Amino acid sequence: MPASSSLLIGRELRLAARRPMDALSGLVFFVLVGSLFPLAVGPDAPLLAAIGPGVVWVAALLAVVISLHRLFEPDLDDGALEQWLLSPHSLTGLVALRIAAHWLVCGLPLVAVGPLLALQYGLSPLAVAVLLAALLLGTPTLSLLGALGAALTLGLRGHVLVALIVLPLCVPVLVFGSSAVSAGQQGLPVGPQLSLLGACLSLAAFLCPWATGAALRLAVE
Amino acid sequence: MPTLDRAVPPALVRVHGAAPAWRSLASPVRFQAWAGRALPWFAALAALLGVAGLVVAFGVAPTDHQQGDVYRILFIHVPAAWMSMFIYLVAALHAALGLVFRTRLSPLMARALAPTGALFTVIALWTGAMWGRPTWGAWWVWDARLTTELILLFLYLGYLGLVSAIDDPRRADRAGAIVLLAGVVDVPVIYFSVQWWSTLHQGASISLTAAPSMAYTMLAGLLLMTGACWAYTVAVALARVRRLIAEREPQWELA
């Protein structure tokens, strides 16, 4: 399993490296959405500092959702998904690795660029540090929940359906993530929100790969 | 006791004979006939309780000394909010039964209940907005209970969207069940949101452990309306499940 897991993750990273624009489109979207808000609401610094945490989180959530169609669809088209189902390895483990690879390609760049966006909104250095921690804990949860939605809607018409399924499930992450950053901005303790984000991540990491595997089986049969 | 086919081997006869009779309703063909008989009774009960509830709500119950006559909207708002959460739990339970025991009827029940649950969620939000305007001075506030109820509506819509988008009935049932179960964490959050966060939405006035903090005629009207909503839900779900069975298994004519 360790050898095949590094193979699987290596394959995804190589695929992403060969088509960088495809992999980074979510990141570009993230920066673009984050930069549109100051244009729309005006360059009022206190207002921007107040809405900044929420805007960064909503932009990250939407960026994850628009990258979901790349998660399983190419594998379904080229037959790799059927090989997974036939392989002797546990499907849950393979799915967990695939989600981890997706997070490395789509989620980690968001975590890296998030603080930059936060500086545009004039957040305090402490709030930027909290944002970094919250994104590190929160974006894997978004990837896990998104993978469930992507597997359930695999091969169906319409890309809105995946958003309709994934967005309500992601609300807790959004609420705890942005309230952690807001608390950091006001100098309040951020421990509870980060703990709750960690709890969401643990629960999602425990249940989502398994449910996603079940959904993939349904989609391929 | 269900009558058994002559072709069933004796060993199976023993197993089936030991099961209680109501369990044979899990078979869609038996349920189809039973639902056809039960449906008019539930529909009549819904109409009866609804009329009685409205008479009590508008004719008998006293005017509230703080809120005036506006409070009367709770006679539909509270039952609708209860039903919206309860129907989601029942649909999720059916979905889980279908996933675990591979029963044929359970996914159909989940599917038949969901549109009614979505309807009650809309009614709860709508009447809440109409009550909030004169009482709180706002159609909508971003309060924990209102927000979680709105998310419940999105969960219903996600489920309905997914099952209607999938053509293969087996995949639609299973995928829908996964979505329903993934969203089930939201229901306790809605129910306890008023206790967990100090919100604008008032706490429960009725509990099983304490005397109700409202006049008994108000309580009677509320309970009558709740009964009407229950009976309506059962009647509509039975009618819908009969259509779904007829659609899936065309060889069984509608009895």
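Helix H4 of chain B, residues 105-136, has 32 residues and spans 45 Å from its first C-alpha to its last, close to the 46 Å expected at 1.5 Å a residue. The model is predicted. This briefing covers that helix, a helix of chain A, and a pair of helices in chain B.

**Helix H4 of chain B**
- H4(B) has a kink of about 25 degrees at B:Ala114.

**Helix H6 of chain A**
- H6 of chain A covers residues 91-120 and has 30 residues.
- From first C-alpha to last, H6(A) reaches 42 Å, which is close to the 44 Å expected at 1.5 Å a residue.
- At A:Leu104, H6(A) bends by about 40 degrees.
- After H6(A) comes A:Gly122, with a positive phi near 70 degrees.

**Helices H2 and H8 of chain B**
- Two packed helices are described by the angle between their axes and the distance between the axes.
- In chain B, the axes of H2 (residues 28-60) and H8 (residues 216-248) come within 7 Å and cross at roughly 155 degrees.
- Angles over 145 degrees count as roughly antiparallel, and H2(B) and H8(B) are therefore roughly antiparallel to each other.
- The crossing in which H2(B) passes H8(B) is left-handed.
- The contact of H2(B) with H8(B) involves 28 nonpolar residues, 7 polar residues and 1 charged residue.

Technical notes. Residues are numbered from 1 along each chain as its sequence is written. Chains are lettered from A and ligands numbered from 1 in the order in which they are written. This is a predicted model: local features need pLDDT of at least 70, side-chain atom pairs count only at pLDDT 80 or more; totals for chains, interfaces and linings use all residues. Side-chain values use heavy atoms; hydrogens and water are left out. Axes are lines fitted to C-alpha atoms, for helices over the stretch in contact, and angles run from 0 to 180 degrees between N-to-C directions. Helices (H or I, at least four residues) and strands (E, at least two) are DSSP runs, numbered from the N terminus. Angles under 35 degrees count as roughly parallel, over 145 as roughly antiparallel, 65 to 115 as roughly perpendicular and the rest as oblique. A crossing is left-handed if the near helix is turned anticlockwise from the far one by less than a right angle, and right-handed if clockwise. Ala, Val, Leu, Ile, Met, Phe, Trp, Tyr, Cys and Pro count as nonpolar, Asp, Glu, Lys and Arg as charged, and the others, Gly among them, as polar. The expected span of a helix is 1.5 Å times one less than its number of residues. The bend at a residue is the angle between axes fitted to the seven residues ending there and the seven starting there.
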